[in-house]
Amino acid sequence: DLQPTELLDLKKRANMLLRDFDAEMIDKDEAHRTIMELVMVISRLWSNKKNFVDEDEMHDFVSLSHDLVMRLLTMRSIELDAVASGILEKKQQSAPIYNPFKRAVLNTEILCSTVALGWSRCSPKVAPEAPMKAQTVLKTLELIHERRKRISDDQVSYRVDDVKPQVQFYNHILSCWARSNARDAEKHATSLIQRMEELGS
């Protein structure tokens, strides 16, 4: 289990990373590694039900993970923007650039899905915004996936499948709506199911 001192350290590191990221004071590769590490460690709070933190603290840590992942998605979008504008030139096939994240086990979709799971584990009373927050991550990832499909593999640092939403991701958001006290929760859940069917998920 994560100890109180570990939780405090994680919170400090996450907040520092967010601050440095927004101030553009951090190397993007380093940011990627740190985001992966922090989100996966923090997610132990909700991936294992034996771990216990109070509802408010759970909400704080899910929110932090959400903010970290949204920064990562921003990085993905910026890379696509650069390709579209011609800033990034096509890589030379004779001299491929090694990218440690291109075949990473923890791809972007997994991190996004992990955050959605966290939102689904939050108390609806403490986190009434949980479903919409989780759905915001999904919509952002869907847009990135659609754009990434139109670009060849040798132009960007990550694969199409790394940003393709999977069934489990959608299910986590459905869980959020199932627990939600919002009056239109059923409407949102139905719309999401229809979206899954359209995508053949």
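Biologist: On what basis are the values given?

Modeller: This is a predicted model, in which local features need pLDDT of at least 70 and side-chain atom pairs count only at pLDDT 80 or more, while totals for chains, interfaces and linings use all residues. Residues are numbered from 1 along each chain as its sequence is written, and side-chain values use heavy atoms, with hydrogens and water left out.

Biologist: How many helices and strands are in the chain?

Modeller: Helices (H or I, at least four residues) and strands (E, at least two) are DSSP runs, numbered from the N terminus. Along the sequence the pattern reads α-α-α-α-α-α-α-α. The count is eight helices and zero strands.

Biologist: What share of the residues of the chain count as buried?

Modeller: Buried means under 20% relative accessible area, exposed over 50%, and partly exposed in between, with a 1.4 Å probe and protein chains only. The chain has 201 residues, and the share of them that counts as buried is 45%.

Biologist: Among contacts between residues at least 6 apart in sequence, what share joins residues at least 24 apart?

Modeller: A contact means heavy atoms within 4.5 Å. Of the contacts in the chain between residues at least 6 apart, the share joining residues at least 24 apart is 78%.

Biologist: How are helix 5 and helix 6 oriented to each other?

Modeller: The axes, lines fitted to C-alpha atoms over the stretch in contact, have angles that run from 0 to 180 degrees between N-to-C directions. For helix 5 (residues 108-121) and helix 6 (residues 130-148), the axes come within 9 Å and cross at roughly 170°. Angles under 35 degrees count as roughly parallel, over 145 as roughly antiparallel, 65 to 115 as roughly perpendicular and the rest as oblique. The two helices are therefore roughly antiparallel.

Biologist: Is H66 buried or exposed, and which residues does H66 touch?

Modeller: H66 is found in helix 4. With a relative accessible area of 4%, H66 is buried. Leaving out residues up to four places away in sequence, H66 touches V115, W119, K133 and V137.

Biologist: Which residues does V69 touch?

Modeller: V69 is also in helix 4, and at 1% relative accessibility V69 counts as buried. Its C-alpha is 9.8 Å from that of T114, 45 residues away in sequence. Not counting residues up to four places away, V69 touches V39, L111, C112, V115 and V137.

Biologist: Which ring does R148 sit over?

Modeller: A charge sits over a ring if NZ of Lys or CZ of Arg is within 6 Å of the ring centre and within 35 degrees of the ring normal. K11 lies over the face of F61, 5.1 Å from the ring centre. The charged end of R148 is 5.9 Å from the centre of the ring it sits over, that of Y158.
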